[in-house]
Amino acid sequence: MPTTVNGTDPLGLRIRALREAMDLSLRDLAERSGVSAPMLSQVERGETSPTLQVATRIAAGLELRLSQLLRLDEDGAVTVVRKGERRKGGRSGHRYEILTAPLPGQRAELSRHTLASGAVTGGQGDPPMHEPGSRETTLVQEGRVILHCDGAHELTAGDCVTFDADLPHHFENPGDNEAVLLAVVSAGLRRS
């Protein structure tokens with residue numbers, strides 16, 4: 001487990017950041033984890049270190065495994081994915097590359113999509129629908145596309161769109177030229 005630095009415990013800071021990212025109050029996390037709000041507050045401020053049992057309950061309240069909360073599954077603070085190491089897929093005019101490493105507990109994924117003229121995402125062989133609570137932000141780098149999600153939205157190079165990725169959606173390239181998109185999916189973050 002990380003040691004305290006300048007009176008601040010990295011685990012406590014991580015718990016607080018995760019709780020706030022899920023839009024949970026201390027009381028909310030206390031109810032979800034079975035750990036009292038005063039104890040959670042002390043852990044977050046680095047005034048006490050949680051026992052293994054308490055840390056396990058906090059992790060469960062944050063919908064994580066203990067190893068994810070403690071970052072035991074990770075190799076370090078920096079992960080590099082080289083161009084030749086990208087996970088690739090797609091078919092029928094839609095190619096994609098996942099640019100981020102498949103790390104446990106990761107809350108966002110960056111991908112690059114290339115759509116041939118007339119191609120559509122969301123077909124057979126494309127990635128499945130995103131988990132409940134997911135949000136997607138997509139930047140059109142090249143070309144023109146139409147996002148079909150709660151209506152049709154035309155986007156051109158430089159346009160950026162954010163939407164609920166757990167809703168049915170797909171991108172279509174109606175143009176004569178290839179379109180290139182960068183997409184960030186924030187998985188399972190709570191909407192208020």
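**Ground rules.** I number residues from 1 along each chain as its sequence is written. In this predicted model, local features need pLDDT of at least 70, side-chain atom pairs count only at pLDDT 80 or more, and totals for chains, interfaces and linings use all residues, while side-chain values use heavy atoms, with hydrogens and water left out.

**Elements.** I looked up the elements and found five helices and nine strands. Both are DSSP runs numbered from the N terminus: helices are H or I with at least four residues, strands are E with at least two. Read from the N terminus, the order is α-α-α-α-α-β-β-β-β-β-β-β-β-β.

**Sheet.** I then traced an open sheet of six strands, ordered β1-β2-β3-β9-β4-β7, with antiparallel pairing. Two strands pair if DSSP finds at least two bridges between them. β1 (87-91) and β7 (160-164) stand at the edges with a single partner strand each, so one side of each has no neighbour in the sheet. From one strand to the next, the twist averages 20°; the axes behind such angles are lines fitted to C-alpha atoms, and angles run from 0 to 180 degrees between N-to-C directions.

**One pair.** I checked β4 (residues 135-142) against β7: the two run antiparallel and are joined by five bridges. Arg135 stands opposite Asp164 in β7.

Of the contacts (heavy atoms within 4.5 Å) with a separation of 6 or more, 61% come from residues 24 or more positions apart.
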